[in-house]
Amino acid sequence: MNKDSNNSVHGIWGSRWIFILAATGSAVGLGNIWKFPYIAGENGGGAFVLFYLGCIALIGVPVMMAEILIGRRGRMSPINSMAKLAKEAQVSRRWGYLGIIGALAGFLIMSFYSVVAGWALYYVYKMASGAFVGASGETAGGIWQALTSDPLTLLGWHTVFTALVVVVVARGVNRGLELAVRILMPLLFLLLILLVGYALTSGAFAEGAAFLFNFDASKLSTDAALVALGHAFFTLSLGMGAIMAYGAYMPHKVSIGSTTLVIGFLDTLVALAAGLAIFPVVFANGLEPAAGPGLMFQTLPIAFGGMPAGVLFGTLFFVLVVFAAWSSAISLLEPAVAWAVEKGFKRWVATVAVGIAAWTLGILSVLSLNDWSGFKVIVNTPNDWGLFVDSATWQALAAACTSATGQTWFDFFDYLTSSIMLPLGGLFIAIFVGWVMKETHVRKELAMGNFKLYLVWRAVVRIFSPLAILLVFAYSTGLWKPGETVEVKAGAECELATYAAMPEGEAVAPVMVTPASDVPVEEIPAQESDVPVLEEQQ
Ligand code: PFF
């Protein structure tokens with residue numbers, strides 16, 4: 001960045017390409033390589049993927065343009081840019097709260113993002129040590145289990161990653177990072193292609209590809225729609241101000257529309273390549289596509305373990321995953337830090353403070369994988385729901401009611417940010433640009449050559465995006481149901497209230513008999529569903 005060419009106190013990107021690299025660095029991260037494949041797996045594949053791609057093209061890209069233009073016009077942290085543009089449009093400065101909620105979302109995401117990036121760091125070391133050479137699904141699953149059940153190791157790597165991020169953000173988004181992104185991103189892509197090549201030889205490529213791309217509308221559940229929408233925001237770093245913050249450092253002449261298209265395209269390409277690298281390995285080895293957060297960590301090591309020079313490529317791959325996560329995590333902290341700097345704090349003081357706070361909160365995510373895996377922040381049954389449910393109550397409920405779902409802290413932070421805060425942030429950003437800002441300002445900032453295209457974009461941001469986001473919310477909460485209504489079964493076995501009301505110790509009393517069998521709950525093995533275990537299928 002150089003400081004002289006424009007009026008952001010934080011600096012300006014050197015060129016259009018540096019902006020593209022930085023924004024792509026923010027967008028391409030764990031969301032593409034780790035999260036996209038596993039949520040596609042959990043939500044049944046094809047229909048989910050298609051809906052997700054629709055969200056990227058029809059909501060994500062237009063909202064990204066809106067975010068960048070707010071940032072570039074405001075030239076400050078998202079909080080102050082929003083407040084400044086609200087003043088310019090002569091509406092309440094309270095629009096700045098949107099920036100505050102966004103900065104908070106970034107901090108919440110950082111708390112669990114750095115735990116996952118910590119796994120990748122650990123895998124660099126494991127790969128390099130040759131632990132996966134010739135590994136079977138069982139070996140890979142065992143290594144994953146051993147890691148996630150050990151809070152201290154998890155905490156250690158979580159700490160290392162948080163420190164890496166804090167160092168870069170504290171120094172300003174400097175040339176070092178730009179250089180790293182410039183070299184590492186293309187390298188990451190090349191390695192993904194190598195992995196897709198390996199997957200082609202695995203014997204189950206067609207099955208993997210079919211899983212990702214075969215459209216079966218009946219598989220798109222209400223939950224899946226919201227997860228897909230939320231992930232479109234997550235993967236493009238939208239709805240919380242990260243891209244807005246980067247937009248504030250964008251040179252004036254650069255075209256927002258074409259730049260956004262490049263970023264959206266690259267992001268999607270990486271996600272699909274990751275999916276095509278992972279699912280054939282899943283099917284070829286009889287693994288479980290719905291394995292959850294451990295999916296990438298249990299499948300790709302098998303691929304590396306079976307290829308020539310796998311130790312080298314595998315180590316390199318996880319190094320690149322760490323870099324992708326690193327360049328994303330920086331943008332998670334940037335909105336909060338830029339705001340604190342504008343408040344008069346030194347940059348390093350602000351960064352260390354936000355970093356320590358996110359690190360501390362991250363401990364909850366670490367414990368979610370082991371000691372506290374039974375504790376659920378939110379439990380949903382077909383009949384009711386509850387907050388802060390202890391392990392014994394949860395286990396009794398889960399044993400009796402298979403459709404009950406519970407979220408650990410880790411799941412909860414992910415859900416709260418991806419499925420709620422980011423889409424809501426995107427909704428208000430679209431409304432702000434579409435309805436609140438003066439059209440002349442918006443047009444000037446976008447400077448789109450093609451007037452018809454501009455009109456399409458404007459209609460999307462004003463009407464289509466807000467409506468689509470609201471509809472997905474309504475659909476997932478059951479307020480709006482196209483076609484069939486969901487059947488809700490009555491019965492004490494599927495009501496949290498029944499179990500929660502029991503005095504402690506009695507929650508697992510043998511009175512609770514599952515309808516399917518006569519085995520008292522006591523004898524049913526506890527369902528520790530949180531640490532995903534890969535099932536060996538014969
Ligand atoms: N887009 C990043 C990823 O896909 O991994 C995650 C992310 C970064 C989300 C920055 C939100 C954000 F503001």
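Arginine 347 has a relative accessible area of 18%, so by the 20% cut-off arginine 347 counts as buried. This is a predicted model. Glutamate 334 is buried as well, with a relative accessible area of 1%. The side chains of these two, arginine 347 and glutamate 334, meet in a salt bridge, 2.6 Å from N to O.

How many salt bridges does the structure hold? Six.

Next, lysine 35 and aspartate 414. Their closest N and O atoms are 2.8 Å apart in a salt bridge. Lysine 35 belongs to helix 2, residues 30-42, and aspartate 414 to helix 17, so this pair ties together parts 379 residues apart in sequence. Lysine 35 and aspartate 414 are both buried.

Arginine 73 and glutamate 445 form another salt bridge, at 3.3 Å from N to O. Here helix 3 supplies arginine 73 and helix 18, residues 439-446, supplies glutamate 445; the two are 372 residues apart. Both arginine 73 and glutamate 445 are buried. Through shared partners, salt bridges join Arg72, Arg73, Glu88 and Glu445 into one network.

Now helix 4, residues 78-88. Its buried residues include Pro78, Ile79, Met82 and Leu85. Among the elements covering the buried residues of helix 4 are helix 3, helix 5, helix 11, helix 14 and helix 17. After helix 4 comes glutamine 90, with a positive phi near 60°.

Definitions and conventions. Residues are numbered from 1 along each chain as its sequence is written. This is a predicted model: local features need pLDDT of at least 70, side-chain atom pairs count only at pLDDT 80 or more; totals for chains, interfaces and linings use all residues. Side-chain values use heavy atoms; hydrogens and water are left out. Buried means under 20% relative accessible area, exposed over 50%, partly exposed in between (1.4 Å probe, protein chains only). Helices (H or I, at least four residues) and strands (E, at least two) are DSSP runs, numbered from the N terminus. Contact means heavy atoms within 4.5 Å. A salt bridge is a side-chain nitrogen of Lys or Arg within 4 Å of a carboxyl oxygen of Asp or Glu.
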